[in-house]
Amino acid sequence: MKVFLALLGRELRLSLRHGADTLAALLFFFLAVSLFPLAIGPGPEMLGRIAPGIIWVCALLAALLPLDRLFGADFEDGSLDLLLLSGQPAAAIALAKAVAHWLTTGLPLLAGAAPLAVMLRRPPEAIPALLGGLLPGTMTLSLLGTLGAAIVLGARRGGVLLPLLVLPLATPVLIFGAAAADTVAGGLSARPHLLLLAAVLAAALPLCPLAAGAGLRAAVE
Amino acid sequence: MLRAEGLAAFRGERLVFRDLSFAVPAGGALLLTGPNGSGKSTLLRLLAGLGRAEAGALLWDGAPLAEAPPAAYLGHLDAVKPGLSAAENLRFAARAGRGSIPGALAALGLGPLADLPARLLSAGQRRRLALARLVLSPAPLWLLDEPTLGLDAASVLLLGGLLATHRLGGGVVITATHLPLPLPGAEELRLGWQPG
């Protein structure tokens, strides 16, 4: 546990030191969402109706941005060897990376989603369901992204391969997340969709770090 | 003590060595020499647990090496983060609580550079920063791949002192090198490239 926290602290210090990289995903999220009113017109009915879809898709794409460097930098400068020799199982290292990715990318995206939803004229009473879906959703995306980043590690043009690998896996998250945000506007309960999202998270939490750990081991061999 | 019996390893499709057996007693040192591509780094990574042996056994004090505490490994790469200061680069290595970061930096003559971002360090200074991790490691087994790469003569002497202290405490040093190292009484294992 002590090593896990030390590793998490190291990751957070590194992302703080490279603040521009950390902010890039959030700025991409804001810019990509702002393009939609320009492209499809500022009509409040239309925008308000499709706002959850826009926010979900843009959050998904923004979360992919930092994945390329999640293990890449450590792999290239030899740090990954030392992390794997820290006495922790490789899965724990992958989990620490996933938690760091969520804290530096998922959490800022979650915080940015509310003002963006207001900007897109989403009715205020429908915003909690959107955020409630994004909370487990971004966590699952961090876990799936860590899995993908570990698997493509060391592959030539891994950065191109990564979205092709992660996006199909992320579709259930997108479906349930956007559906949860939509049902509230129709007067229905978002609960079943949120429970399904939580179930996906519960399955990804043990499985993704295990698979990512195996990927890390294979990459250094 | 460390004992290897009948080791064989592949690098890609090529068999780099086979039937490799050696033993290093506590406080002992082993120099791996041989031409480029003879498997020195492969053997070190295998001993560190980063690689996989196709055949053979590795024993530490009679038990499998994989169950022993992890070794301290210094690879070709320095694993130095340019954005962090010299002292911050050692913070993760210092988690074991053995020795202090200022002490480790001073042992390699890096004391005055502690707060300097590592991107401003020269290649030799980065190598010394990587060596400072060894001082903080509680591991009894040190695996060093070309530890003197880029070091000046004074730093090689500092490294010699560290290696001697580690061996006096019963530690084992295995190092691949092309240059003479200050390791008195070390045995030499010459790896040769075997065609096929």
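In the predicted model, the side chains of B:K81 and A:D77 form a salt bridge across the two chains, with an N to O distance of 3.0 Å. The pair is part of a set of five salt bridges counted between chain B and chain A. Polar contacts between chain B and chain A link 10 residue pairs, in each of which both partners have pLDDT 80 or more. On the side of chain B that touches chain A, residues divide by class into 10 nonpolar, eight charged and four polar.

The contact between the chains involves 22 residues of chain B and 25 residues of chain A. About 2,000 Å² is buried between chain B and chain A, and carbon and sulfur atoms account for 58% of this area. Within chain B, the residues that lose the most area to chain A are B:K81, B:F92 and B:R95, which together supply 32% of what that side buries. Another salt bridge, between A:D74 and A:K97, has its closest N and O atoms 2.6 Å apart. Side chains of opposite charge can pair when their charged atoms come close.

The largest nonpolar core contains 56 residues, and those touching the most other members are A:L216, B:F22, B:L43, B:L47, B:L141, B:L143 and B:I174. With residues up to four places away in sequence left out, B:F22 touches B:L2, B:R3, B:A4, B:L30, B:L43, B:L47, B:I174 and B:L189. Another core, of 36 residues, lies apart from the largest one and includes B:A93, B:A104, B:L113 and B:L151. In soluble globular proteins, nonpolar side chains tend to be buried together.

As to confidence, chain B has a mean pLDDT of 88, with 98% of its residues at 70 or more. The scores of the model are ipTM 0.88 and pTM 0.91. Where pLDDT is low, the predicted coordinates should not be read in detail.

Notes
Residues numbered from 1 in each chain as written. Chains lettered and ligands numbered in written order. Heavy atoms only, no water. Contact = heavy atoms within 4.5 Å. Buried area = accessible area lost by both parts, 1.4 Å probe. Salt bridge = Lys/Arg side-chain N within 4 Å of Asp/Glu carboxyl O. Polar contact = N/O pair within 3.5 Å; in protein donor to acceptor, adjacent residues only side chain to side chain. Nonpolar A, V, L, I, M, F, W, Y, C, P; charged D, E, K, R; others polar. Core = buried A, V, L, I, M, F, W, Y, C linked by side-chain atoms within 4.5 Å. Buried < 20%, exposed > 50% of the residue type's maximum accessible area, 1.4 Å probe, protein only. pLDDT = per-residue confidence, 0-100.
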